[in-house]
Amino acid sequence: MVGRAIVRMIGDGASRQTAQLEVTKDELLDDVPRIQNYGLTGVPPIAGTDCVVLFLNGDRNEPIIVAMENRQFRVQGLESGEVAMYDDLGNVIKLGRDQVDVTAVTKLVGTAPTVEVTAATSATLASGSSSMTMTPSGIALVSMVLTHNGKNIGATHTHGGVTSGSGTSGVPT
């Protein structure tokens, strides 16, 4: 009724994913449906992927896949209660005990009509040697140059048209 199989092919073009399985050395099963949890889906790399297959009512003509795993890429070292989503490239979303970690190998993209981030104590955005930290008491910018519309408006900016007295200076140069 329950077996372990090696995945040989995966079809992901229909409403339900299917796979070709090698259950025993001489037994290949084609178009075996894979049952996945709602809201989660994935196509594991074929090489090294194992699965658990159930045979409904013990009938070898009625198989379904209930779990797939590829041990080569599994995130390891999680603590009790932690959860991770991952792929074969190293992209990881980890729900840790005290924080959520997102690791993107190449690029992290978020798309929405409105984006809102709320931080009770501080929020930092950093790239190289530049950073912006927001706290309830203010915003701290650390950067070699701060520009607006191509004009330097940082600590080292200068103004043209400066006259002494109560006049105003020109725009930053």
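**Close-up views of two antiparallel sheets**

**View A. Pairing of strands S7 and S8.** Strand S7, residues 92-95, pairs with S8 in the antiparallel sense, and four bridges join the two. The model shown here and in the other views is predicted. Within this pairing, Ile 93 has Val 102 of S8 as its bridge partner.

**View B. The open sheet S6-S7-S8.** Three strands make up this open sheet, arranged in the order S6-S7-S8 with antiparallel pairing. Its edge strands are S6 (83-86) and S8 (100-103), each of which pairs on one side only. On average, and with direction ignored, neighbouring strands of the sheet are turned by 5 degrees against each other.

**View C. The open sheet S9-S10-S11.** Here too, three strands form an open sheet; the order is S9-S10-S11 and the pairing is antiparallel. Strand S9 (123-127) and strand S11 (138-142) are the edge strands, each pairing on one side only. From one strand to the next, the twist averages 5 degrees.

**View D. Pairing of strands S10 and S11.** Strand S10 spans residues 130-135 and pairs with S11 over five bridges, in the antiparallel sense.

Note on methods: Residues are numbered from 1 along each chain as its sequence is written. This is a predicted model: local features need pLDDT of at least 70, side-chain atom pairs count only at pLDDT 80 or more; totals for chains, interfaces and linings use all residues. Side-chain values use heavy atoms; hydrogens and water are left out. Two strands pair if DSSP finds at least two bridges between them. Axes are lines fitted to C-alpha atoms, for helices over the stretch in contact, and angles run from 0 to 180 degrees between N-to-C directions.
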